[in-house]
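Here is a colleague's note on the model shown below.

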Amino acid sequence: MRYVIIGSGVAGIAAIEAMRSLDTAGEITLIGDDPYGFYSRPGLAYYLTGELHDKALFPRTADELRKLNFRYINKQVTKILRAEHTLELRDQSGVSYDRLLIAVGAQALPLEVPGADLEGVLKLDHMTDAKRILKQARRGRTAVVVGGGITALELVEGLRSRGVKVHYLLRGDRYWSNVLDKQESQIIERRLQAEGVTLHHHAEVIEVIGRNGKAGSVRLLDGQTLKCDLVAYAIGIHPRLDLAKQAGLAVDRGILVNEYLQTNDPDIFAAGDVAQAYDPLSGRSILDSLWTPARQQGYAAGLNMAGRQTAYLKSPPFNVTRLAGLTTTIIGTVGRGRDEDLVGIARGDSETWRQLPDSMVAQTGFDVNRLRLLVGEKTLLGAIVMGDQKLSRPLEKMISGNMDITPIREKLLTSNAKIADIVVEFWTGKQ
Ligand SMILES: Cc1cc2nc3c(=O)[nH]c(=O)nc-3n(C[C@H](O)[C@H](O)[C@H](O)COP(=O)(O)OP(=O)(O)OC[C@H]3O[C@@H](n4cnc5c(N)ncnc54)[C@H](O)[C@@H]3O)c2cc1C
């Protein structure tokens with residue numbers, strides 16, 4: 001059997017690990033165009049702040065990869081020729097497959113304003129981007145950062161920690177309003193201001209103006225101009241669909257796959273950020289853009305390609321992140337509407353949110369310890385934990401396990417209820 005994987009991200013590597021667990025003889029070829037191979041993309045944020053050395057971003061050692069016994073081609077795939085079961089690479093060479101996995105991920109949406117192609121206009125997708133940002137980020141320089149989600153905030157913090165003066169532009173009236181409530185947004189914004197970040201609400205860039213061929217200022221929708229030395233943006237991502245579209249595979253927002261991660265061509269699978277996987281539990285096809293689902297999907301796809309039928313069952317989103325230095329865990333349903341960065345978190349929430357408007361309960365101790373729960377009829381649907389993380393694992397178990405919370409539901413919904421204490425008492429009683 002000749003297995004070929006396009007994409008050396010976490011989904012691609014997990015697929016190889018799964019294949020090798022079942023098939024030690026098959027021939028595996030990994031084709032990836034990133035010059036740095038497999039590394040932690042979430043780790044790029046910590047590389048920008050200087051907390052992690054780039055060497056710390058590689059989750060597998062060279063020896064571990066060698067043991068997986070695969071051929072690696074560091075090139076770009078330009079075409080899938082389905083009838084011939086062959087791939088065409090950028091240098092016109094060909095690679096044949098019996099089973100193919102497309103794990104090419106997603107990429108940053110471009111900033112589409114005049115001047116966006118000037119030197120000094122930067123995004124954060126790959127290691128190469130992070131290195132480019134670090135080259136430009138010097139004490140005394142000024143940056144404009146555009147975007148309302150986690151990646152934009154990572155850019156703000158990375159640049160601040162390098163001594164760059166930052167203007168942070170938000171389109172709406174507060175930070176990450178799809179996911180955070182007003183108070184949570186305020187907590188983050190206050191912390192950013194304390195770090196010296198200048199916030200601009202209702203601010204939209206309409207042009208990047210050049211100075212000697214480089215970004216020199218931005219013009220905003222309200223007519224204001226801000227002088228800067230660089231512009232960094234993170235305004236959303238989109239799955240890389242070109243290969244699948246050209247090959248005539250079924251696509252929607254991502255490549256459509258069944259619960260076995262198989263496309264409408266039985267010899268071609270897709271996994272990770274590029275895949276829109278059918279979820280048998282909800283009956284919907286879901287696009288995720290998080291590390292853990294990408295790894296799980298890659299692993300399940302690898303098993304299926306090597307002959308074992310394993311359905312991918314999506315678990316509720318669980319994401320630990322750091323917002324303005326504050327550890328924040330987001331579990332299950334917390335937002336309202338679609339989030340541009342963490343699509344998995346907020347999708348499909350709006351129905352629940354509207355039906356249960358008075359079921360949101362929140363307890364705030366002081367501004368760095370905050371817990372918010374979304375209470376369903378019999379179960380908890382979502383939680384956001386900021387600061388003290390003692391409760392995040394128990395809450396994950398309660399939410400992903402659909403634990404019946406009937407005994408504490410009324411208590412949780414009482415006004416001014418000490419929800420953290422109630423959850424602790426309930427959880428301890430269950431152990
Ligand atoms: C800055 C940043 C911060 C993030 N933070 C978090 C976080 O805190 N938590 C979290 O859960 N997720 C986070 N993510 C998202 C997470 O990194 C992704 O969900 C995950 O990497 C997806 O893995 P993947 O294997 O599907 O795709 P990718 O990691 O995108 O890998 C796809 C690979 O395919 C290659 N490729 C594309 N096209 C071709 C082609 N035609 N030929 C050959 N190779 C090709 C690409 O170069 C890439 O190497 C973050 C992402 C970024 C960029």
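**Notes on the ligand site and salt bridges**

1. Start with the ligand. The shell around it holds 30 residues, and D33, R41, V77, D273 and W291 come nearest. Keep in mind that this is a predicted model.

2. A polar side-chain atom of D273 sits 2.9 Å from an oxygen atom of the ligand. W291 places a backbone N or O atom 2.9 Å from a ligand oxygen. V10 also takes part through its backbone: one of its polar backbone atoms is 3.2 Å from an oxygen atom of the ligand. Taken alone, the ligand exposes 1,000 Å², and the protein buries 92% of that.

3. Which elements give two or more residues to the shell around the ligand? They are α1 (10-22) and α8 (291-305). By class, the shell has 13 nonpolar, nine polar and eight charged residues.

4. Now the charge pairs. Side chains of opposite charge can pair when their charged atoms come close. A search of the whole structure finds 24 salt bridges.

5. E17 pairs with R60 in a salt bridge, with the closest N and O atoms 2.6 Å apart. This pair links distant parts of the chain: E17 is in helix α1, R60 is in the loop between α2 (44-49) and α3 (62-67), and 43 residues separate them. E17 has a relative accessible area of 21%, so it is partly exposed. R60 is partly exposed as well, at 29%.

6. R219 and E207 form another salt bridge, and here the closest N and O atoms are 3.2 Å apart. Again, distant parts of the chain are linked: R219 belongs to strand β14 (residues 214-220) and E207 to strand β13 (residues 205-211), twelve residues apart. R219 counts as partly exposed because its relative accessibility is 32%. E207, at 25% relative accessibility, also counts as partly exposed.

7. D288 forms a salt bridge with K314, with 2.8 Å between the closest N and O atoms. The two are 26 residues apart and link distant parts of the chain: D288 is in the loop between β21 (284-287) and α8, while K314 is in the loop between α8 and β22 (318-323). The cut-off for buried is under 20% relative accessible area.

8. There is also a network. Salt bridges that share partners join R41, K123, D125, D129 and R132 into one network.

9. Last, T128. This residue is found in helix α4 (residues 127-136). At 29% relative accessibility, T128 counts as partly exposed. How far apart are T128 and D34 in sequence, and what is their C-alpha to C-alpha distance in space? The two are 94 residues apart in sequence, and their C-alpha atoms are 8.6 Å apart.

Note on methods:
Residues are numbered from 1 along each chain as its sequence is written. This is a predicted model: local features need pLDDT of at least 70, side-chain atom pairs count only at pLDDT 80 or more; totals for chains, interfaces and linings use all residues. Side-chain values use heavy atoms; hydrogens and water are left out. A residue is near a molecule or strand if one of its heavy atoms lies within 4 Å of it. A polar contact is a pair of N or O atoms within 3.5 Å; within protein, one must be able to donate a hydrogen and the other to accept it, and residues adjacent in sequence count only if both atoms are side-chain atoms. Accessible areas come from the Shrake-Rupley method with a 1.4 Å probe; for residues, only the protein chains shown count as cover. Helices (H or I, at least four residues) and strands (E, at least two) are DSSP runs, numbered from the N terminus. Ala, Val, Leu, Ile, Met, Phe, Trp, Tyr, Cys and Pro count as nonpolar, Asp, Glu, Lys and Arg as charged, and the others, Gly among them, as polar. A salt bridge is a side-chain nitrogen of Lys or Arg within 4 Å of a carboxyl oxygen of Asp or Glu. Buried means under 20% relative accessible area, exposed over 50%, partly exposed in between (1.4 Å probe, protein chains only).
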